[in-house]
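Hello,

Here is the structure I promised to pass on. Have a look first, and then read my notes below.

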Amino acid sequence: MNLQPYRYVRVDALDFLKTLPDGSVQLIITSPPYNIGKAYEKTTSLEQYLRQMEPILRELYRVLAPEGSLCWETGNYIDAATSEVFPLDIYYYPLFRELGLQLRNRIIWHFGHGLQCEKRFSGRYETILWFTKSDRYVFNLDAVRIPAKYPGKRAYKGKNKGQLSGNPKGKNPEDLWEATVERLYDDWDCGIWDVPNVKSKHPEKTVHPCQFPVELVERCVLALTNEGDVVYDPFAGVGSTLIAALKNGRQAYGTELMEDYVAIGLERIGKLARDDLKTRPIYQRIYQPTGKDKISSYPAEWLENRLAELDRMLLDLQSERAEVERDLAERDGETRKAP
Ligand SMILES: C[S@@+](CC[C@H](N)C(=O)[O-])C[C@H]1O[C@@H](n2cnc3c(N)ncnc32)[C@H](O)[C@@H]1O
């Protein structure tokens, strides 16, 4: 695969930002450090943590394009002494608002797995605050539509009575995103306790403790940028944002303090260029219609669209099947070698 230009550097985000021209980045998407004592951060009070972030936030605003977007993914900061929970998006929201950004969605990213908490309900979601710099912004909804739950639904009254009420290209993916992948985080929500890692079998998993699934970023990249645009992740970790951007014909910038993570990320990008990187396909089946009731069946008018959807699903399944076959062959080879 031919990649667009990219810059992925081991440097402090603030230093890099100062080198970028005003309005030069179409999409900033990131998950910042949460101040929860990971190997890459020094914990401090919540107030101090936010104060330290402010110069970076100001620079992010400056480099954001006039029709650009910023997606800020966070979970909870948890006070080590009292275990009190502080949802970080609540604290970040006024800071972005003060800078002049406008909120478009507060997306809930829900996942089915994680630690079982003993003294409160187990956390099973994080949020993405999607802001734009103005009320004119790029939003390519058609690029991220998902299969409709009830494609055969028709208007039952009014002037469109009897007409199909949905869109043949699929439906809006809405603001509650199911993690269609296994959770990649080791100990995220209950992060202050040094619990054993939840080892994921996800094909993208690296040593990074809190990695983005590439498909999560891809949805934002496809909806909020056009081909050739610049996507930047100030806290790039092992490069998941760069991969999502480059995979979809966008330019990518990433900054990361830890040398090891940059090395892993560069290796992943190399694999992407050689068409050898395992990522979960973005196309996911959110809901399996039974096909038995009328409104779950595809209407005659949309059969071509359904066929195209099925073709995409088939391709995804074929590539997943090939991967499983390879893994199986590897496993059996290893088993035979064992004494
Ligand atoms: C929550 S992780 C992001 C992981 C990333 N989304 C991925 O998929 O790999 C935050 C990352 O920010 C990095 N970091 C923290 N402070 C930084 C700074 N001032 N400049 C650049 N990177 C920083 C940390 O080393 C850590 O890898």
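Which residues in H2 meet which in H3? Leu46, Leu50, Glu54, Leu57, Arg58 and Tyr61 in H2 are in contact with Tyr91, Leu95, Phe96 and Leu99 in H3, where contact means C-beta atoms, placed from the backbone, within 7 Å. By class, this contact has eight nonpolar, no polar and two charged residues. Ala, Val, Leu, Ile, Met, Phe, Trp, Tyr, Cys and Pro count as nonpolar, Asp, Glu, Lys and Arg as charged, and the others, Gly among them, as polar.

Before going on, please note that this is a predicted model: local features need pLDDT of at least 70, side-chain atom pairs count only at pLDDT 80 or more, and totals for chains, interfaces and linings use all residues. Residues are numbered from 1 along each chain as its sequence is written.

Back to the two helices. The axes of H2 (residues 46–63) and H3 (residues 88–99) come within 11 Å and cross at roughly 35°. Axes here are lines fitted to C-alpha atoms, for helices over the stretch in contact, and angles run from 0 to 180 degrees between N-to-C directions.

The protein chain has seven helices and 10 strands in total; these are DSSP runs numbered from the N terminus, helices being H or I with at least four residues and strands E with at least two. Eight strands form an open sheet with mixed pairing, in the order E1-E10-E9-E2-E3-E7-E6-E8; strands pair if DSSP finds at least two bridges between them. At the edges are E1 (6–10) and E8 (176–178), each pairing on one side only. E9 (residues 230–233) pairs with E10 in the parallel sense over four bridges, and Asp233 stands opposite Gly254 in E10.

H3 lies across E3, E6 (102–110) and E7 (125–132), running at about 10° to E7.

Then there is the ligand. It is surrounded by 19 residues, the closest being Ala13, Tyr40, Phe235, Gly237 and Ser240; a residue counts as near if its C-beta atom, placed from the backbone, lies within 6 Å. This shell has 10 nonpolar, six polar and three charged residues.

Finally, Met258 sits in the loop between E10 (251–256) and helix H6 (259–273). Met258 and Ala236 are 22 residues apart in sequence and 9.8 Å apart in space, C-alpha to C-alpha.

Best wishes

Methods
Two residues are in contact if their C-beta atoms, placed from the backbone, lie within 7 Å.
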